[in-house]
Amino acid sequence: MKNKYSIFSLIKNAFSQHQNWKQAWGNPEPKKEYDAVIVGGGGHGLATAYYLAKKHNMKNIAVLEKGWIGGGNTGRNTTIIRSNYLWDASAGLYDHALKLWENLSQELNYNIMFSQRGVMNLAHNLQDVRDLKRRTHANRLNGIDAVWLDTKEVKEFCPIINTSPDIRYPVLGGTLQKRAGTARHDAVAWGYARGADEMGVDIIQNCEVKGIKRNGDQVEGLETTKGFIKTKKIGVVAAGHSSVIANMAGLKLPLESKPLQALVSEPVKPIIDTVVMSNAVHAYVSQSDKGELVIGAGTDAYISYTQRGSHDVVEGTLKAILELYPIFSRMKMLRQWGGIVDICPDASPVISKTNIKGLYFNCGWGTGGFKATPGSGDLFAHTIANDEPHKLNAAFNLNRFISGDLVDEHGAAAVAH
Amino acid sequence: MFIINCPYCGERDQSEFSCGGEAHIVRPKQPTELSDDEWAEYLFMRKNIKGVQFERWNHIHGCRKWFNMIRDTSNDKIHAVYKMGEKPPVI
């Protein structure tokens, strides 16, 4: 590695007041032609490029990003990583990602601050209890660590939760996945960008795709704000804007794009050392290393590309947070923002070929794509390189909306939609 | 978040309404004749437009009536509101 990060490079650079660190990735102009072009420079797109170069030896590739890398949903999510999904197909997909997360800092030589602090999902009514217990059993059959905790055990694991039976939606128990946790979201994009750049991938920022050129059923290239780029393979990982890109190729997707919000509080001393999620009341919270509470709110109920979201959604989430954690009642919220998420009817993603040759889509991650970043990139790279899906993403094809073989994960998606 | 001019009740906060998604998707006249592709198109495939979109809304916490709306999804600006069954106004 030409610019390996280590304790020694840190000491060496300290002597020059850290003024001589090399740029982690370059800023190239696009070439005339590439073997493959990835549209979207978020975590999933950069991971796709990284694995295309690393595992499939495709080095003449580019990542096009209309803004700056990691400036979309990669930098807007609540950084939660878990794999406790119900169905076998999802368990395979998300646990593949979780296994990659566990070694990602070493693999990328970049500290992504992966912290397996556990994720707890709370039950607030009898149906929640039944569903979560069922999911725990399903997880364990798939080799995913999951345990059921009763109310007392929930309180022991996270003492600040109000487990009084007198609240509007009392805590009746919860599930815990100990291997789950959080990671530094920006670092994931930066680490993959640096790794991909080093293998020769061109990361082109401020380059927006304006059109897709087709010759019959085969893609020929992309019209961009930096001119025409010729390529036979296009992998689209554009999150909320997937439908916009699909329209350029004359394709319709089963997606609706909606704003999803999150907010952070002022920083405080360590108070919550795990991630707690509550689907029924829609509240989830963790604490960043800086001390801020990181709170995920819900989606707006209408299509919008505005990256802001409605105030009543935030109010609803904070009401639930305050009932579950009365200790937070005098906290001040510092920042609030929205990201545009592309939601599939079955709350599962699409990692798929299309009926246009050379056009691939990785989309529909909805409200929970961050956790899958390494796995999504790996499997999408496989799909693009071999022109056929890996067995782990075979179920996540576009054809399932025609065959009816949906992967319904509404119960395991943390945000009701 | 925005203010919606309900054709029956007047201007109200958006949180009183629920959105029914893309408008003018015609229910198949002969459901038994439909192919799987056509079902998928009707049930799942959406234009999901970034820009001016026709959509259905319901004043769920008000008069509970359905109506149509033309809204720009890139900035949430509402161009027109019209009742069910009426022809969409030209904007």
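Visitor: What pattern does chain B follow, read along the sequence?
Guide: Keep in mind that this is a predicted model. Along its sequence, chain B runs β-β-β-α-β-β-β. That is one helix and six strands.

Visitor: What box do the C-alpha atoms of chain B fill?
Guide: Roughly 45 × 30 × 25 Å, taken along the principal axes.

Visitor: On to the interface. How many residues does the contact take from chain A and from chain B?
Guide: Chain A gives 26 residues and chain B gives 24 residues.

Visitor: And how much area do chain A and chain B bury between them?
Guide: About 2100 Å², with 54% of it on carbon and sulfur atoms. Three residues stand out on the chain A side: Lys252(A), Tyr302(A) and Ile402(A). They supply 30% of the area that chain A buries against chain B, more than any other three residues.

Visitor: How many salt bridges does the rule find across that interface?
Guide: It finds one salt bridge between chain A and chain B. The partners are Lys252(A) and Glu41(B), whose closest N and O atoms are 2.8 Å apart.

Visitor: How many residue pairs are in polar contact between chain A and chain B?
Guide: The count is 12 residue pairs, with both residues at pLDDT 80 or more.

Visitor: Which elements of chain A each supply at least two residues of the side that touches chain B?
Guide: Helix H8 (242-248), strand S14 (256-265), helix H9 (311-324) and helix H11 (400-403) of chain A. H8(A) gives the most, with three residues.

Visitor: How do the residues on that side of chain A divide into nonpolar, polar and charged?
Guide: There are 12 nonpolar, nine polar and five charged residues on the side of chain A that touches chain B.

Visitor: New topic. At what angle do the axes of helix H3 and helix H10 of chain A cross?
Guide: Roughly 110°, and the axes come within 7 Å. H3(A) is therefore roughly perpendicular to H10(A).

Visitor: Which residues make that contact?
Guide: From H3(A), Leu93(A), His96(A), Ala97(A), Leu100(A) and Trp101(A). From H10(A), Thr373(A), Pro374(A), Gly375(A), Asp378(A) and Leu379(A). This contact of H3(A) with H10(A) has six nonpolar residues, three polar and one charged.

Visitor: Back to charges. How many salt bridges are there over all chains?
Guide: The count comes to 22. One of the pairs is Lys226(A) with Glu29(A), the closest N and O atoms being 3.8 Å apart.

Visitor: Where do Lys226(A) and Glu29(A) lie?
Guide: Lys226(A) lies in the loop between strand S11 (218-224) and strand S12 (227-231) of chain A. Glu29(A) lies in the loop between helix H1 (7-14) and strand S1 (33-34) of chain A. So the pair ties together parts that are 197 residues apart in sequence.

Technical notes
Residues numbered from 1 in each chain as written. Chains lettered and ligands numbered in written order. Predicted model: local features only at pLDDT ≥ 70, side-chain atom pairs only at ≥ 80, totals over all residues. Heavy atoms only, no water. Contact = heavy atoms within 4.5 Å. Buried area = accessible area lost by both parts, 1.4 Å probe. Salt bridge = Lys/Arg side-chain N within 4 Å of Asp/Glu carboxyl O. Polar contact = N/O pair within 3.5 Å; in protein donor to acceptor, adjacent residues only side chain to side chain. Helix = DSSP H or I, 4+ residues; strand = E, 2+ residues; numbered from the N terminus. Nonpolar A, V, L, I, M, F, W, Y, C, P; charged D, E, K, R; others polar. Axes fitted to C-alpha atoms, helices over the stretch in contact; angles between N-to-C directions. Parallel < 35°, antiparallel > 145°, perpendicular 65-115°, else oblique.
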